[in-house]
There are 2 protein chains.
Amino acid sequence: MKHALSVTREADFAAWYQSVITEADLAEESGVRGCMVIRPWGYGIWERIQRLLDDRIKATGHENCYFPLFIPLSYFEKEAEHVEGFAKEMAVVTHHRLVADGKGGLMPDPTAKLEEPLVVRPTSETVIGTAFSRWVQSWRDLPVLINQWANVVRWEMRTRMFLRTTEFLWQEGHTAHASADEAVEETLRMLEVYREFSETCLGVHVIAGEKPENERFPGAVSTYSIEAMMQDGKALQAGTSHFLGTNFAHAQNIKFQNSAGEFELANTTSWGVSTRMIGGVIMVHGDDDGLRVPPAIAPWQVVIVPMLRDQPEDASIVEYCRSLQKELAAQSALGEPVRALLDLKSAKAATKRWGWVKKGAPIVIEVGGRDVAGGNVSVIRRDRLYREDGKLDSAVMPRGDLVAGVAQTLADIQATLLAQSTERLRAQIVPVDDFATVEAHFADSVKNPGWVDVRWSKPTGAALDTVVERLKALKLTIRNAPLGQTHGDHGPCIFTGEPAVERILVGRAY
Amino acid sequence: MKHALSVTREADFAAWYQSVITEADLAEESGVRGCMVIRPWGYGIWERIQRLLDDRIKATGHENCYFPLFIPLSYFEKEAEHVEGFAKEMAVVTHHRLVADGKGGLMPDPTAKLEEPLVVRPTSETVIGTAFSRWVQSWRDLPVLINQWANVVRWEMRTRMFLRTTEFLWQEGHTAHASADEAVEETLRMLEVYREFSETCLGVHVIAGEKPENERFPGAVSTYSIEAMMQDGKALQAGTSHFLGTNFAHAQNIKFQNSAGEFELANTTSWGVSTRMIGGVIMVHGDDDGLRVPPAIAPWQVVIVPMLRDQPEDASIVEYCRSLQKELAAQSALGEPVRALLDLKSAKAATKRWGWVKKGAPIVIEVGGRDVAGGNVSVIRRDRLYREDGKLDSAVMPRGDLVAGVAQTLADIQATLLAQSTERLRAQIVPVDDFATVEAHFADSVKNPGWVDVRWSKPTGAALDTVVERLKALKLTIRNAPLGQTHGDHGPCIFTGEPAVERILVGRAY
């Protein structure tokens with residue numbers, strides 16, 4: 001069967017991924033090291049993610065703010081004292097003016113050197129913590145529940161579009177609480193928001209759980225993640241939520257007077273998801289014809305392509321399509337008005353059809369003269385593109401049926417994508433009882449993609465380092481310890497042989 | 001009459017402005033030079049502005065994208081060659097790592113110096129133009145209509161919250177067209193979008209017109225603005241739209257093959273508004289009790305404050321307020337569901353009431369035990385806070401009447417704020433026929449706030465410089481030449497004495 005992309009997932013997953021990004025017009029190289037241009041279709045998906053997640057962040061009582069892009073160097077000095085493992089790969093602003101270099105070019109003006117360098121935020125804990133120390137005086141000021149949508153910069157040596165870029169877009173939630181219990185509750189509440197959002201909106205089944213000690217955010221008491229499984233069986237950490245205890249409050253002096261009049265350190269949390277999620281959507285839902293966008297996050301859910309031939313009948317086709325677009329937009333699907341586009345760009349209908357297939361619009365409708373005459377439309381569903389005989393499955397149906405059923409069809413497509421993701425996750429997590437089997441399993445990652453589910457004794461310190469090294473030799477990492485485990489199964493830890501305390505997921509990851 | 005702020009507009013307009021920002025919890029100093037923290041109420045207003053303006057930008061056919069924060073130095077070298085008056089006050093990234101300085105602190109790592117410095121975008125013409133040169137090959141690719149919501153940085157020496165900050169948030173539209181006519185049409189279309197948005201949503205009457213040559217964006221063929229009048233009579237340029245001709249296309253090689261197969265340079269435009277608009281909203285609508293937020297952009301349009309006294313009846317008051325909140329949220333005002341908040345923070349009711357008055361929530365409702373018993377609510381309208389006798393105008397009314405009338409009340413408040421802005425603008429633009437009268441007029445800016453409307457001959461070059469200098473001596477600038485002038489009035493130019501070609505507005509400005 002011939003497909004729209006020139007490279008298949010099976011032949012070369014990494015090249016396929018890049019091909020989807022290019023062919024679906026999601027993003028492109030910008031000419032700036034490690035930074036991408038997010039094109040309208042890619043950014044439209046991000047806008048949908050923002051809208052749907054932002055609604056959930058607000059519904060759980062958080063308010064959005066905006067903090068500065070630049071953070072003075074001294075803020076990081078304070079953090080570096082308190083936080084082990086503090087990362088230092090950051091973009092540093094040292095000058096505030098350009099000047100002619102005398103050779104026809106420009107250079108940073110030596111007379112405009114900053115007294116204190118400014119760091120482009122890699123995350124905003126330090127600057128937001130400093131604000132919290134001003135805002136929080138009494139128990140009455142708590143909890144502080146805020147969120148920020150922003151760009152952040154981390155100087156990555158090896159970048160990959162959406163998955164790891166120097167600059168990326170994200171939201172970062174930051175909260176302060178009167179007690180550790182409340183802060184833990186918040187940490188888990190936002191993890192659950194991410195899990196539900198990922199499944200409901202992205203159609204991506206994820207495993208929510210706690211990261212092992214070695215994968216904690218520097219300075220965190222505990223870090224939780226949602227882990228998604230890509231079609232190549234690798235894991236993608238798609239969101240994290242951190243319980244920071246009083247560590248950051250100590251470094252940043254976030255203190256409050258409790259109802260007894262005593263001063264206490266606040267307990268803080270932070271949590272974030274980023275444009276990385278789009279990379280996950282590609283690798284979970286894409287196929288050899290391009291992307292398949294879940295209807296909930298599709299900028300356009302239904303695209304109408306008129307089949308025009310520079311004939312007098314063209315006008316009536318366009319008219320038919322216009323009224324169809326209006327009828328569709330008046331429908332409601334997944335709780336919102338249907339997003340229907342009439343594509344009138346000057347290109348051949350077949351080019352446009354395949355363009356929308358590659359972009360992954362959930363429903364593509366073609367309308368030709370015969371459809372107009374018969375009151376019909378030709379409908380392609382992106383989740384079932386081909387018939388059994390390998391031909392494109394374009395179904396002619398009465399226009400009224402399409403409109404009446406569009407909400408259900410979009411809901412079906414959304415459900416189908418999630419079901420496929422769930423099925424893949426279930427089928428490709430294998431319980432394993434000893435380390436030798438882990439080695440054997442991952443020795444053939446084509447036959448055995450996915451993760452293993454193993455018992456461990458949750459070692460710490462040097463004992464954990466040994467585990468991490470043994471896994472690293474197999475290119476494996478611990479993904480997380482899934483939440484909600486029943487502790488009935490107390491066999492030996494596959495690493496230490498000691499009695500296990502929980503099960504963890506182990507796999508290869510992006 | 002006593003007011004909620006400690007400083008009045010009349011006593012010290014600049015101090016009053018700062019006081020509104022602080023007392024309404026809009027923004028605060030961040031500890032980072034020239035950068036502010038936008039607090040939830042301020043950011044909520046920005047989110048409303050974004051939502052309403054973004055709808056309009058999309059309705060006129062534009063798509064959102066995202067371009068990199070960093071722009072390589074060489075891009076600016078290209079622009080500096082082509083663009084006279086190119087500003088060089090920018091934040092420059094020179095290093096990509098921090099390292100211990102050996103004195104217990106951190107410093108930029110000398111071994112991690114960038115080969116080519118990166119500039120934090122002051123605007124994105126260069127990087128977007130470079131993308132356009134890739135995207136545009138044929139007339140079929142035109143027009144390209146894109147927009148970006150982003151943060152930008154300009155190294156300002158003197159900053160003022162919202163009005164002029166080192167980092168600010170904005171949208172920047174960039175378009176490319178096959179002809180100059182189309183590009184001019186686009187430039188004026190977006191100016192009109194800004195004008196309509198400003199009046200409909202911000203309640204700020206503005207004058208749309210063309211900026212004089214000396215105020216053009218460097219490299220633009222023509223620059224248009226909307227100018228708003230603050231309560232102190234000064235002008236605020238609240239949005240600009242630029243017709244760039246082929247100047248940027250030439251520098252960035254944006255060429256297309258026309259239908260005859262010949263290569264042509266595209267004509268481009270750019271247009272933007274920023275968080276500066278919030279400064280304008282404050283100075284147009286604020287009063288001595290704080291901000292008054294137009295309902296269209298109010299994060300919360302109706303705030304319910306329960307009057308609790310730690311008594312058993314508190315529960316029934318809260319219950320009454322909860323159901324009221326739901327009833328209000330089920331109403332639709334200004335085309336959207338009513339945004340109603342029940343304020344349950346632990347603070348005194350009077351403190352909360354005055355907090356919301358200072359923030360400028362359009363309607364504040366207080367509910368005490370007596371209100372619950374009588375099925376009433378006590379209602380404060382922010383646009384008419386006091387009765388004639390100087391007392392707070394809190395009207396008791398049946399709850400059902402409030403709910404039934406809330407949409408109309410919010411529409412009334414929106415209309416009242418716009419009407420006040422319109423009235424101020426009309427009353428404070430004075431036609432003047434000679435330069436001596438201009439001097440006399442502005443010699444007493446307390447008696448004569450506002451702008452003068454004068455005839456001029458539209459001099460260019462050195463003759464224009466002379467005009468600009470004469471005005472500068474009076475701290476005046478030309479705001480713009482309003483659009484839609486009928487050229488019936490051909491008296492002499494007040495500057496040159498030559499026959500005038502149009503009328504311009506002159507005033508003091510932020």
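Welcome to a predicted model, in which local features need pLDDT of at least 70, side-chain atom pairs count only at pLDDT 80 or more, and totals for chains, interfaces and linings use all residues. Residues are numbered from 1 along each chain as its sequence is written, chains are lettered from A and ligands numbered from 1 in the order in which they are written, and side-chain values use heavy atoms, leaving out hydrogens and water.

Figure 1. B:Arg9 sits in the segment before helix H1 (13–23) of chain B, and B:Asp288 in the loop between H7 and strand E17 (302–306), 279 residues apart. Helices (H or I, at least four residues) and strands (E, at least two) are DSSP runs, numbered from the N terminus. B:Asp288 is buried, with a relative accessible area of 12%.

**Figure 2. B:Glu23 pairs with B:Lys358.** Their side chains form a salt bridge at 2.8 Å, N to O. The partners come from distant parts of the chain: B:Glu23 belongs to helix H1 and B:Lys358 to helix H9 (residues 349–359), 335 residues apart. B:Glu23 is partly exposed at 34% relative accessible area, whereas B:Lys358 is buried at 18%.

**Figure 3. B:Glu186 and B:Arg189 pair within helix H5 (residues 180–202) of chain B.** Here the salt bridge spans 2.7 Å, N to O. The two residues lie three apart, about one turn of the helix. An α-helix has 3.6 residues a turn, so residues three or four places apart point the same way. B:Glu186 is buried at 0% relative accessibility, while B:Arg189 is partly exposed at 32%.

**Figure 4. Helices H7 and H4 of chain B are both mostly covered.** In H7 (residues 276–285), ten of ten residues are buried, among them B:Arg276, B:Met283 and B:His285. In H4 (residues 125–135), nine of eleven are buried, including B:Glu125, B:Phe132 and B:Trp135.

**Figure 5. B:Arg134 reaches A:Glu28 across the two chains.** This salt bridge is 2.6 Å, N to O. B:Arg134 also belongs to a network of salt bridges with A:Asp25, A:Glu28, A:Arg39 and A:Lys359. Between chain B and chain A the count is six salt bridges.

**Figure 6. Chain B meets chain A through 64 of its residues, against 65 of chain A.** Contact means heavy atoms within 4.5 Å. The buried area is about 5600 Å², with carbon and sulfur atoms giving 62%; this is the accessible area (1.4 Å probe) that two parts lose on being put together, summed over both. B:Tyr66, B:Leu98 and B:Leu106 supply 13% of the area that chain B buries against chain A, more than any other three residues. The predictor gives the complex an ipTM of 0.96 and a pTM of 0.97.

Key. Buried < 20%, exposed > 50% of the residue type's maximum accessible area, 1.4 Å probe, protein only. Salt bridge = Lys/Arg side-chain N within 4 Å of Asp/Glu carboxyl O.
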